[in-house]
Protein chains: 2
Amino acid sequence: MFCFGVDIGGTTIKLGLFDLQGDVLDKWEIPTRKEDGGKNILPDAARAVLSKMNERSLSKEDVAGIGVGVPGPVKEDGTVETAVNLGWDFMDVQGTMQKETGLPVKVSNDANVAALGEAWVGGAKGCKDVILATLGTGVGGGLITNGKIITGAHGAGGEIGHMHLIDDFPRACNCGNYGCLEQVASATGITYLAEQALAESQEASVLRDRKVSAKAVFDAVKENDALAIEIAERFGKYLGKALAMIAAVTDPEVIVIGGGVSKAGTVLLDFVEKNFQIYAFTSCRKATFALAELGNDAGIFGAAKMALDAYASR
Amino acid sequence: MFCFGVDIGGTTIKLGLFDLQGDVLDKWEIPTRKEDGGKNILPDAARAVLSKMNERSLSKEDVAGIGVGVPGPVKEDGTVETAVNLGWDFMDVQGTMQKETGLPVKVSNDANVAALGEAWVGGAKGCKDVILATLGTGVGGGLITNGKIITGAHGAGGEIGHMHLIDDFPRACNCGNYGCLEQVASATGITYLAEQALAESQEASVLRDRKVSAKAVFDAVKENDALAIEIAERFGKYLGKALAMIAAVTDPEVIVIGGGVSKAGTVLLDFVEKNFQIYAFTSCRKATFALAELGNDAGIFGAAKMALDAYASR
């Protein structure tokens, strides 16, 4: 028995063919054709799956199903109200993909699906209660509770980047609010914290001679630069506190940190975990921290797992 | 087909016999015998169930199962590490009750179970994504996502009273941390906010002539007392903000406010909802607010529903 994981992004559609143990047997990409309201995206993905089945001589009976990750809020029934990065208004992703392939389909938000992938075979392998925080240009999140994705009533479960964290924050977030987690814990947010710290003090720092970025900050931390360490402390306090709040809600076993910023490695985890321990409720302090392991493939892994879980519960 | 809901409290054990539609056919209480490490509690509850079955001539085939709510963290397997209010150290609640009754048993934390009750036939009737915030001496919480309780890895799911909310808070919470939601949103917390406001200003207020309590504050709000309204604003800002953060995690359809403080009625909801709307992520602003409807019976209702859900998934 096999299954497919499909991760639809704004530029490419990633696809993977998996066995039931989570081994990827084949992995490839096709371009995302966003023109004409993105009407070709799902037929293209369906065709890619069917042609792979043909190539490998797989019948429909050999395939448990297809999981699909989409960049936008997805409701429990597999519909999307809007996905700006794909040019979609309303789209019945589950219904369309099922019709185009004749296979069972399960759909969720891409960040949520990535969390399920990390919980299946990645940084939180085998765990049923997981937070994934993805620190990239923004902050994405995926929440797994008792092995299942938290989808929410409007498909906005796991939108932890837009938790309100700081009162009287001077800049607006992309979402329109002020003081979201994303504004201080994403790559952009860490750059902002660094610019603030550099402007506030006259302290010498290697950062004064470099282009300021999240990577530059953590590189400087590794060189023991005092101001960079102070910036990382502020970042760690914000993210650690936010994760402690989320832990009081979902009580995770493992908290996984992924996204481009997490390439800084375990030094980043140290700043976050130290502050998490300060703010977390007693029973939640047992949660451990891990780096994401699946990188850009987390989406296809999680999508495949979602298809397998749906198959197992039928 | 019938089922039993059992809500074990520090003073009494509440029991209910339900049909599949959520109608309660019988409801009674027995004392909680906490002596000897609480070793009689589960046998007492089991005997109460069996004698009710005998009284009503119900056979084991007529009963879908027993749901049990316990005041303390309960793991997914129905075990409790400790429940101080019952005198328990480790207790296998599910195993013991199954052995004593010969019926299938499902166990969860009492606040989580109450949330399931409100989602079944109470303030969030028929909803699958619900937050219940119970404002009593402390702040309890229960989270329902896609119809299921969020239990968490250590049984601490839904412990929203111990979300860190306020930095540099001058008093310690019962949990040992500083600045938990419970310290400003429980009955005790509102009293604290009132004492602070009365001490800070010289403003006239009917509260100056009364014993300060959460009830006194909301009574004074209804009399249009300006200082009381200011206190309710502060409370509403704290709780509204916290619920907005939780909503970014679980994206609820309905947020139910229960507990003794909620007897103030819709005036209380207004202060909370206004602030929720300010801090919530766009997609989560569609959540509506409701008062809890089941009062002290929420536990037996939710416990019964939990037993029915377990039966349906077998």
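In this predicted model, the centres of domain 1 and domain 2 of chain A, taken over C-alpha atoms, are separated by 29 Å. Domain 1 is made up of two stretches, 2-117 and 296-312, whereas domain 2 covers 125-292. Where the two domains of chain A meet, 13 residues of domain 1 are in contact with 14 residues of domain 2. Together they bury about 1000 Å², and 59% of that area lies on carbon and sulfur atoms. On the domain 1 side, A:N112, A:A115 and A:L116 lose the most area to domain 2, together accounting for 43% of what that side buries.

Polar links between the two domains of chain A may be considered next. Zero salt bridges are found across this interface, and one residue pair is in polar contact, with both residues at pLDDT 80 or more. The elements of chain A that give two or more residues to the domain 1 side are α4 (110-121) and α10 (298-312). The largest share of that side comes from α4(A), with six residues. Sorted by class, the domain 1 side that touches domain 2 has eight nonpolar, two polar and three charged residues.

Chain A and chain B bury about 3300 Å² between them, with 58% of it on carbon and sulfur atoms. From the side of chain A, A:H154, A:V249 and A:F281 supply 20% of the area buried against chain B, more than any other three residues. The contact takes 42 residues from chain A and 42 residues from chain B.

How many salt bridges are found across the interface of chain A and chain B? There are two. A salt bridge joins the side chains of A:D167 and B:K241, with a distance of 2.6 Å from N to O. Polar contacts are also present: 20 residue pairs across the interface of chain A and chain B meet the rule, both residues being at pLDDT 80 or more. The elements that give two or more residues to the side of chain A touching chain B are β9 (139-145), α8 and α9 (266-279) of chain A. Of the elements, α8(A) gives the most to this side, with seven residues. By class, the side of chain A that touches chain B has 18 nonpolar, 14 polar and 10 charged residues.

Some individual residues complete the picture. The loop between α8 (226-250) and β11 (254-258) of chain A holds A:D251. Most residues other than glycine have a negative phi. The phi of A:D251, however, is near 50°, a positive value in a residue other than glycine. Is A:D251 buried or exposed? A:D251 counts as buried because its relative accessibility is 0%, under the cut-off of 20%.

In chain B, B:D36 likewise has a positive phi, near 55°, in a residue other than glycine. B:D36 lies in helix α1 (residues 35-38) of chain B. With a relative accessible area of 54%, B:D36 is exposed, because exposed residues are those over 50%.

Helix α6 of chain A, which spans residues 187-200, contains A:T191. A:T191 has a relative accessible area of 17% and is therefore buried. Leaving aside residues up to four places away in sequence, A:T191 touches A:V212, A:S213 and A:A214.

Key:
Residues numbered from 1 in each chain as written. Chains lettered and ligands numbered in written order. Predicted model: local features only at pLDDT ≥ 70, side-chain atom pairs only at ≥ 80, totals over all residues. Heavy atoms only, no water. Helix = DSSP H or I, 4+ residues; strand = E, 2+ residues; numbered from the N terminus. Buried < 20%, exposed > 50% of the residue type's maximum accessible area, 1.4 Å probe, protein only. Contact = heavy atoms within 4.5 Å. Buried area = accessible area lost by both parts, 1.4 Å probe. Salt bridge = Lys/Arg side-chain N within 4 Å of Asp/Glu carboxyl O. Polar contact = N/O pair within 3.5 Å; in protein donor to acceptor, adjacent residues only side chain to side chain. Nonpolar A, V, L, I, M, F, W, Y, C, P; charged D, E, K, R; others polar. Domains from an automatic or database assignment.
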